[in-house]
Amino acid sequence: MVTEGVLPESTGFEETFKEKKDKADDAPEKDVDAWLPVTGSRNAKWWYSSFHNVTAMVGAGVLSLPHAMVYLSWGPGVVVLILSWVITLYTLWQMVEMHEMVPGKRFDRYHELGQHAFGEKLGLWIVVPQQLIVEVGVDIVYMVTGGRSLKKFQETVCGTFKQPGNSCRQLGLSIWIMVFASAHFFLSQLPNFNSIAGVSLAAAVMSLSYSTIAWAASASGGRQPGYSYKYPDTSTGNLVFGVFTALGDVAFAYAGHNVVLEIQATIPSTPENPSKIAMWRGVVVAYIIVALCYFPVSFVGYWAYGSTVDDNILISLNHPAWLIAMANLMVVIHVIGSYQIYAMPVFDMLETLLTKNFHLPPGIILRLVARSLYVAFTCFVAVTFPFFGSLLGFFGGFAFAPTTYFLPCIMWLAIYKPKRFSLSWITNWICIIVGVLLMLVSSVGGLRSIIVQASTYKFYQ
């Protein structure tokens, strides 16, 4: 008999049926998650995070840091480079800590952490556009960088070993970009982060190798005749924009945060041994390697060549030719790995959208078509706009600095709510202010570079 106005208690059968129904509803989603590139494999070792982070962060942009020193000079240049290293290490630590801040839940993707901090819809709109600008933009820049390095390799080899009567045909930059892209049509089919561990390791070794070549060759040659540490003889306006562009180069050099949570998602985690322990160990090793690449190249390169250093220090070296050729080939191998590291979260977004929103069945065909179209798109943009680095300096100014320098700090303040004027509160606000300033100046410098380069540019060279 049931008393009026009182609902009967649920029977054990009803509860069991509901649990089974919930599990049945969740099963397809879990199957998709096990197929997606970010959550498909969680057996990575701590050292995987080391070389993944090195590959993501130490881009070919390290070779432009001596040229950035030309406009920043010794005092400000040293301060900016070291301060950026410290700030970005701190914000990276914040992201590692926030990955599992909610017991039993992992924020496997940057936008998932943003949704937790700012709300489901707002977090998505704040993070995803900025993350896509960085990841797609960097992949396009690496297409151009890979093509240019291949072209420089061919020119160096032909110029050194050319024999009388043997013609060495010079190919245009567009051809070399397409040659570089051809490798990615195959590599992009590797399913997840752990499957590209070998590619990433090779890329990390190459980045350390060509960075060492750059500063060691500069040091061995000593200070060059006619070197000077004076600012370039140019107008005040050009000098100011040069400083802005140099700050943008530094910001671009520390842009690895966009894939940090996705890398940490591949590391196994238990309550007794959370993933942040292994991840942080890998991050510390990675940042030591970053310091070994960035600081010697920047300071030794500027010391040796002064204000005459090229925007790519390998060009300034000029000799020996075999060493320059080898260094350019190392750059190619490195950016192959870097392209894949930045592409993997984009693949994850694409495949999540196609399987969960459009309900397409996950499988080889979906992966082949979606990823091949992405590679083709980045190749097309790179061939069409080889000065895309300046475009990225403009648009990326609104994404590189936020996602690296101050968006983690804003999330930290929103979630943990530290006491006002406490050490944590002050530190985060300092990072936010520095990041906002970098965002503004790098965007202005990038816009000016676009105007200068586009005026003399010829399409499809």
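**Reading salt bridges, burial and contacts**

Visitor: Which side chains meet Arg42 and Asp108 in a salt bridge, and how is such a pair to be read?

Guide: The side chains of Arg42 and Asp108 meet each other in a salt bridge, with an N to O distance of 2.8 Å. The term denotes a side-chain nitrogen of Lys or Arg within 4 Å of a carboxyl oxygen of Asp or Glu. This is a predicted model, in which local features need pLDDT of at least 70 and side-chain atom pairs count only at pLDDT 80 or more, while totals for chains, interfaces and linings use all residues. Residues are numbered from 1 along each chain as its sequence is written, and side-chain values use heavy atoms, with hydrogens and water left out.

Visitor: Where in the chain do Arg42 and Asp108 lie?

Guide: Helices (H or I, at least four residues) and strands (E, at least two) are DSSP runs numbered from the N terminus. Arg42 lies in the loop between H1 and H2, and Asp108 in the loop between helix H4 (74-98) and H5. The pair links distant parts of the chain, 66 residues apart.

Visitor: Is Asp108 buried or exposed?

Guide: Burial is read from relative accessible area: buried is under 20%, exposed over 50%, and partly exposed in between (1.4 Å probe, protein chains only). Asp108 counts as buried, because its relative accessibility is 6%.

Visitor: How many salt bridges does the structure hold, and which residues are linked in a network?

Guide: The structure holds 8 salt bridges. Arg109, Glu112 and Asp348 are linked in a network of them. In another, the side chains of Arg109 and Asp348 meet at 2.5 Å, N to O. Arg109 lies in the loop between H4 and H5 and Asp348 in helix H13, so this pair ties together parts that are 239 residues apart in sequence.

Visitor: Are Arg109 and Glu112 buried or exposed?

Guide: Both Arg109 and Glu112 are buried. Asp348 is likewise buried, as is Arg109.

Visitor: How is the span of a helix to be judged, and what does H2 reach from its first C-alpha to its last?

Guide: The expected span is 1.5 Å times one less than the number of residues. Helix H2 (residues 46-57) has 12 residues and reaches 17 Å from its first C-alpha to its last, close to the 16 Å expected. H2 is also mostly covered, with 9 of its 12 residues buried. Among them are Phe51, His52, Val54 and Met57.

Visitor: Which residues does Ser64 touch?

Guide: A contact means heavy atoms within 4.5 Å. Ser64 touches Asp249 and Asp311, not counting residues up to four places away in sequence. Ser64 lies in the loop between H2 and helix H3 (65-72). Its relative accessibility is 15%, so Ser64 counts as buried.

Visitor: What share of the contacts in the chain comes from residues 24 or more positions apart, and how many helices and strands are there?

Guide: Of the contacts with a separation of 6 or more, 85% are accounted for by residues 24 or more positions apart. The chain has 17 helices and 0 strands. It comprises 461 residues, and buried residues make up 50% of them.
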